[in-house]
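The following questions and answers examine one structure in detail. Please keep the sequence and the three-dimensional view at hand while reading.

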Amino acid sequence: MNLIYTSIGFFALAALLGMYLLTFVLRGKETPKAIVFSHGPMAVVGLVLLIIYIAKGGPNPWESLVLFVLAALGGLYMVSRDLTGRPIPKVLAVGHGLLAVGGFVLLLVFAFGN
Amino acid sequence: METRSFWEATTPQRPVYPTLEGDLQVDVAIIGGGITGITAAHQLARAGKSVAVLEARRVGGGTTGWSTGNLYVPVGPYLHHIAKTRSQEVASTVAQARFTALNFIEQHAQQYSIDCHFARRPWYFFTQEEDMASTIEKEAETLQQAGMAAELVTQVPGLSFDSVKRAVRMNGQARFHPLRYVLGLAKATTQMGGQIYEHTTVLDLKEEDDHCLLTTTQGTVTCNQLIIATHIPIGIHTVQTVAAPYRSYVVAMRLKSGTYPDAYYWHNDKTHHAITTHSTNSMELDMLMIAGNHHKTGQASHQEYQHYFNELEAYARQHFDVASVEFRWSAQHYRSGDGVPYIGLTHKGAKRTYIATGFYADGLTYGTVAGIQLAEMIAGEKSPWLGAFDATRGTNLATAGQFIKENANVAAQYLKDIPAGQASHFSDIEPGEGKTIEVDSEKLAVYRDEHSQLHICSAVCTHMKCIVNWNNAEKTWDCPCHGSRFMIDGSVIEGPAILNLERKAIDPRTGHLVDSGGKTSGEREINNPIT
Ligand SMILES: Cc1cc2nc3c(=O)[nH]c(=O)nc-3n(C[C@H](O)[C@H](O)[C@H](O)COP(=O)(O)OP(=O)(O)OC[C@H]3O[C@@H](n4cnc5c(N)ncnc54)[C@H](O)[C@@H]3O)c2cc1C
Ligand code: FES
């Protein structure tokens, strides 16, 4: 279970930075790249820990993993748009956040639910 | 002292080429009118192709007109290093290609009677440090294996340096006036039917199945083949992950004695200094130049950039009887992963688009190599040099370290873009000073001129969004990621960025940003002192 708790820790930090980034995207401002390149790697570490946990077998939060993977793909797409000078669609940024929040909630339920 | 290129100042008549108006269709379009683009255009026009050069500013006004005018077979990253990262065969091909290019320049300067002061003379590479001796020996050996007449010597004539530990000499190298040469070659190209357009910035390029399409500030150009001869490919390109940009500095001086050594010297100890001499108006030598002190663009270790010029001047005064400093300038070079330039098709799937980059500070010769090779490739001939220079060769194990180092460095630049809040304000900026500050969550590049007038642009580089840094010697904004550089009004000087920094305005009553609509252009001329 330690892996799951650490993963939750990384996702929580990533979520805080993500919310901060969202305020830039929604105002149509350039995202601060130090935050972009901290948010992504933190979420990736959380995701890798989650995958290791699931790979060990037993009951697992696979629904959470699916949502996080979808969120990660959206995130990669947004970074590529951002760095190549194309605007980030606000709906995509919000959707990415909602997917990640969904995954996070499911992960919390799995870890602390019962 | 303002920065100004000796070559620009000593080119008497500069022909004016028209700006492109309307649309154009040619066999080959070439972006960039430096030595690479003009040599390629010359070769293609001679082969009967219809060719158009599209130059954002003036022909030869890029790095070519801001170099140091030396022609030589050896290379800055050392041939013995290339023999190690690639093979002796590649090192030999590089040497032979450069030898051919040097002869090409001599032959064409004579054929077209270009008054570019071309003269043969020796190249010396020497050190005063025992540690460097083996480097010189290895370089001499690799040159000899490539069939070049390099020989170890004990004397370095023309200089009075004590205790030279090791030196190598190669005769038959040369000097010339690069700007006059390129302008002469451009004239010959137009006489063969080649078209040259100045003040025509390419904003977009696309390779389709059966043609390439360029969008410029004035019109579109449709062509069968396209050469990107912009020193580093414009826009986003994978080669930018290895072709790191470096700035180096040049100081040109007159000597009290009026006696100038007639050779080109590399003095490599812990630091590298290149020593050369040139002539202003006749074949008579009357100018000493010292070049060196490179650092990654936008990442100077000395915030006071004048330091780099001062250090070169101090070096010159230590070794020569300097009468006066006449010119100071700096310019940029791009490296490569394995020490060999990238010349050829732009990527594995490309059929019509060619690039030439990664020349280090050896690109007057390499630009000529590239022009010859690319014209051969486009004419369907088999280029004997392609195996060495192939631009699609990618990274191998020997160069992976370089790849990782460069990209870690770029990542570190992105990580500096932290939200700073209102850390500094317009009032913190002194006249003549530039600073990046943050207003309304936006990073701004702000320069206050001598009349206290503010010039405000977005500090976000239009290439891939790193934050630009102030260069106080040249009064420019330099991007630390891939070397794009911008004037104080935001217009692009060089590097991969195509669009200017977005211009911004502040409401003087509230101190807040005025919405400028987020528009930016590619026009280069605005207040741009660099021709
Ligand atoms: C300090 C210094 C000294 C050097 N000294 C020597 C030397 O002694 N010997 C030597 O061999 N090499 C030397 N070099 C290297 C050499 O100067 C360069 O490698 C060479 O000039 C590159 O030529 P180029 O034609 O490829 O690029 P450039 O001369 O830079 O030409 C590129 C052109 O493309 C144009 N361009 C860019 N973007 C666009 C666009 N979007 N649309 C249209 N046009 C565009 C630019 O305006 C420019 O004119 C030196 C380099 C430095 C930095
Ligand atoms: S040059 Fe690439 S981000 Fe500025």
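Q: Which residue stands opposite B:Trp477 in S23(B)?
A: In this predicted model, strand S22 (residues 476-478) and strand S23 (residues 485-486) of chain B pair in the antiparallel sense over two bridges. The residue in S23(B) that stands opposite B:Trp477 is B:Phe486.

Q: Which strands stand at the edges of the open sheet of four strands in chain B?
A: The four strands follow the order S21-S22-S23-S24 in chain B, with antiparallel pairing. An edge strand has a single partner strand, so one side of it is left without a neighbour in the sheet. The strands in that position are S21 (469-471) and S24 (492-494) of chain B.

Q: What is the average twist from one strand to the next in the open sheet of three strands?
A: This sheet of chain B has the order S18-S19-S20 and is paired in the antiparallel sense. Its edge strands, S18 (433-439) and S20 (454-458), each pair on one side only. From one strand to the next, the twist averages 25°.

Q: How many bridges join S18(B) and S19(B)?
A: One of the residue pairs here is B:Ile437 with its bridge partner in S19(B), B:Leu444. The two strands pair in the antiparallel sense, and the number of bridges is seven.

Q: Which residue of S20(B) is the bridge partner of B:Arg448?
A: Strand S19 (residues 442-448) of chain B pairs with S20(B) in the antiparallel sense over five bridges. Within this pairing, B:Val446 stands opposite B:Ile456. For B:Arg448, the bridge partner in S20(B) is B:Leu454.

Q: Which residue takes a positive phi in the hairpin of S19(B) and S20(B)?
A: In the hairpin of S18(B) and S19(B), which has two residues between the strands, B:Asp440 takes a positive phi near 50°. The hairpin of S19(B) and S20(B) has five residues between the strands. There, a positive phi near 70° belongs to B:Ser452.

Q: Is B:Asn293 buried or exposed?
A: B:Asn293 lies in strand S14 (residues 287-296) of chain B, and its phi is near 65°, a positive value in a residue other than glycine. Its relative accessible area is 17%. Because the limit for burial is under 20%, B:Asn293 counts as buried.

Q: How far does a polar side-chain atom of B:His231 lie from an oxygen atom of ligand 1?
A: B:His231 is in the loop between strand S10 (220-228) and S11 of chain B. This residue is buried, with a relative accessible area of 17%, and has a positive phi of about 75° although it is not a glycine. From one of its polar side-chain atoms to an oxygen atom of ligand 1, the distance is 3.3 Å.

Q: What share of the accessible area of ligand 1 does the protein cover?
A: An oxygen atom of ligand 1 is 2.6 Å from an N or O atom in the side chain of B:Glu55. A nitrogen atom of ligand 1 is 2.7 Å from a polar backbone atom of B:Asn70. Of the 1000 Å² of accessible area that ligand 1 has on its own, the protein covers 98%.

Q: How many charged residues are in the shell around ligand 1?
A: The ligand is surrounded by 37 residues, and B:Thr36, B:Thr64 and B:Thr68 are among the closest. By class, 14 residues of the shell are nonpolar and 20 are polar. The number of charged residues is three.

Notes. Residues are numbered from 1 along each chain as its sequence is written. Chains are lettered from A and ligands numbered from 1 in the order in which they are written. This is a predicted model: local features need pLDDT of at least 70, side-chain atom pairs count only at pLDDT 80 or more; totals for chains, interfaces and linings use all residues. Side-chain values use heavy atoms; hydrogens and water are left out. A residue is near a molecule or strand if one of its heavy atoms lies within 4 Å of it. A polar contact is a pair of N or O atoms within 3.5 Å; within protein, one must be able to donate a hydrogen and the other to accept it, and residues adjacent in sequence count only if both atoms are side-chain atoms. Accessible areas come from the Shrake-Rupley method with a 1.4 Å probe; for residues, only the protein chains shown count as cover. Ala, Val, Leu, Ile, Met, Phe, Trp, Tyr, Cys and Pro count as nonpolar, Asp, Glu, Lys and Arg as charged, and the others, Gly among them, as polar. Two strands pair if DSSP finds at least two bridges between them. Axes are lines fitted to C-alpha atoms, for helices over the stretch in contact, and angles run from 0 to 180 degrees between N-to-C directions. Buried means under 20% relative accessible area, exposed over 50%, partly exposed in between (1.4 Å probe, protein chains only).
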